[in-house]
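Here's a quick briefing for anyone meeting this structure for the first time. Have a look at it below, and then we'll walk through it chain by chain.

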Amino acid sequence: MSLAGFADKLGATVRRDLLTAVRHRTGFLMTAAGALAEVAAFYYLARAVGPGFRPEGSDYFPFLLVGTGFYTFLVMGINSFLTIVQEAQQTGTLEVLMTTSTPPAALLVFSAVSAFAGNTAQLIFYFGAGFLLFRSPLGQANLLGGAIVFALSLAIAASLGILAAALQLAIQKGSVLVWLLGSGAWFMTGTLFPVASLPRPLRVLAGMIPITYSLDGMRLCLLQGADFPALFHSISVLFLFAATLLPASLAVFSSTLRRARLEGTLSFY
Amino acid sequence: MDTVVLESVSKIFRHRPALFNWLGQERGGRTRALDNVSLRVSPGEVLVLLGPNGSGKTTVLKLISTVLLPEEGRVLVEGSDTRHQANRVRKHVGFAVASERSFFPRLTARENLEFFAALDDVPRVSRAAMIDRMLKQTGLSDAADSLVMKFSSGMQQRLGIARALLKTPSVILLDEPTRSLDPGSATRFWRLVRDMKERGSTVLLATHSFNEAAAVADIVAVLHQGALAGSLPVRNTTTVENLRSFYFDTTGDADESIGIWAGSCA
């Protein structure tokens, strides 16, 4: 596929999603209102806890803001892969999309990039509301380090999303993976409180979840302005997760897609 | 070279009952949807697939479109194998599916076609003109900027046909394309199929309508219980009655309409 063809198809996908989003008028406004309400809730929670609680050397509100904002961004990104497949199954477009000249893996990537673009806009809104509206100190942020952590976390979220999409095709229950991350694992990743407060067995489990390192790295960059030697551990672990999960998830997706075409279950949901 | 070739193709669907099947009564086992079917369609030919419900017509079309893969045998489109060269096959095939629900409901007809045109590599410079032409040919120009969620079944079906033709494919697959169309639209559609044939496209059309088969077919193939029961070249002299007799003789089903018409005339 040429670069122009890639840009054309990506543009068409982003336009489709944008048009669909703005035509769900209330949904669009409610998302923004929901994000504002969440930021406000965390601000007052941090005030109620008091200034004495300084997890990992930061004020509690920015700790919460980065943790919940980035965690939500990653889980929504993972969920978007699942939603893409589920909606295509429900609207009957999946089989038709599979007959277009664009390979299925590319279709998934276009839709996911489009979804991540929307989620990034929400993340910026969330951080913006927290840092500007509630005057949370940003400090001397290491923006380059933050961009690297962001990109690696994005690759990991995409891999987990592709796995969720593959599960949806295979057993029509991709939501299991999203539930595990969204409900089962969130408290272990250091979203609301430091991982160090957990008992040892749970700390070991937390070390196996890539999002733990994403939140850790992002807080180091944005709240403490950590330099690259201090970021080395987070970045190298994230890199290893991304390098392993991305090819593995693509192989699993390709295999489940082939199986669904063989069994005629592509549009089952 | 034949445009579409099915060589000894078999397709099996497996049914795996859910856990705790004692709560309900879901059937397990296998369904042989196609059994050793061989077909060849030449360039510019219109092949009409007839057959009772569940005879394997849609399965044949889905196998050619790469949505399904064969269990045994192989399917070739323009010389490419659907199993190993699916991306190449998809560039040649346009598929109007039977289900009306195959669009993004909150996009307009034009926006839907623009999206699919991009995915199908329709050149940007000619895209708008191509979409206008397809909308006109399918009688949807006036509804081009309405949301698809407000479309009737017939309109969605016509939009599906427009989408299948957008990339000017060499192979066009039409699954019960006039099922929801009014008689006037159906007749206009048959003219469109004959135009496709004159432009050199190969058309495979699944239908239950003998009128449709007589209007557009070069060859009629009858599927029965997943097997190719027979085929008949259609000539200018072939009538709807000829096709009806051939169908019922081939499938062995009783033509109950004879009794109904005889009764009504008596």
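In chain A of this predicted model, take the contacts between residues at least 6 apart in sequence: 78% of them join residues at least 24 apart. Chain A has 10 helices and zero strands, while chain B brings in sheets, including an open one of six strands and an open one of four.

**Chain A: helices throughout**

- Follow the sequence of chain A and you'll read the pattern α-α-α-α-α-α-α-α-α-α.
- The radius of gyration of chain A is 19 Å, close to the 18 Å that the globule rule gives for 269 residues, so chain A is as compact as a globular protein of that length.
- Along its principal axes, the C-alpha trace of chain A spans about 60 × 40 × 35 Å.
- Of the 269 residues in chain A, 45% are buried.

**Chain B: the six-stranded sheet**

- This open sheet runs in the order S6-S7-S8-S3-S9-S10, and its pairing is mixed.
- Strands S6 (93-96) and S10 (227-233) of chain B sit at the edges with a single partner strand each, so one side of each has no neighbour in the sheet.
- On average, neighbouring strands here are turned by 15° against each other, ignoring direction.
- S6(B) pairs with strand S7 (residues 171-175) of chain B in the parallel sense, over four bridges.
- If you want a pair to look up, B:Ala96 has B:Leu174 in S7(B) as its bridge partner.

**Helices against that sheet**

- Helix H1 (residues 57-65) of chain B lies across strands S3 (46-50), S6, S7, S8 (202-206) and S9 (219-224) of chain B, running at about 150° to S7(B).
- Helix H8 (residues 240-251) of chain B also packs on the sheet, where it touches S3, S9 and S10 of chain B, and its direction makes about 30° with that of S9(B).

**Chain B: the four-stranded sheet**

- Here the order is S2-S1-S4-S5, with antiparallel pairing in an open sheet.
- The edges belong to strands S2 (29-41) and S5 (80-81) of chain B; each has a single partner strand, so one side of each is left without a neighbour in the sheet.
- Strand S4 (residues 72-77) of chain B and S5(B) pair in the antiparallel sense over two bridges.
- For B:Val77, the bridge partner in S5(B) is B:Ser80.
- H1(B) turns up again here: it packs on this sheet, touching strand S1 (4-15), S2 and S4 of chain B, with its direction at about 110° to that of S1(B).

Notes:
Residues numbered from 1 in each chain as written. Chains lettered and ligands numbered in written order. Predicted model: local features only at pLDDT ≥ 70, side-chain atom pairs only at ≥ 80, totals over all residues. Pairing = 2+ DSSP bridges. Axes fitted to C-alpha atoms, helices over the stretch in contact; angles between N-to-C directions. Contact = placed C-beta atoms within 7 Å. Rg over C-alpha atoms; globule rule 2.2 N^0.38 Å. Buried ≥ 20, exposed ≤ 12 C-beta atoms within 10 Å, placed from the backbone.
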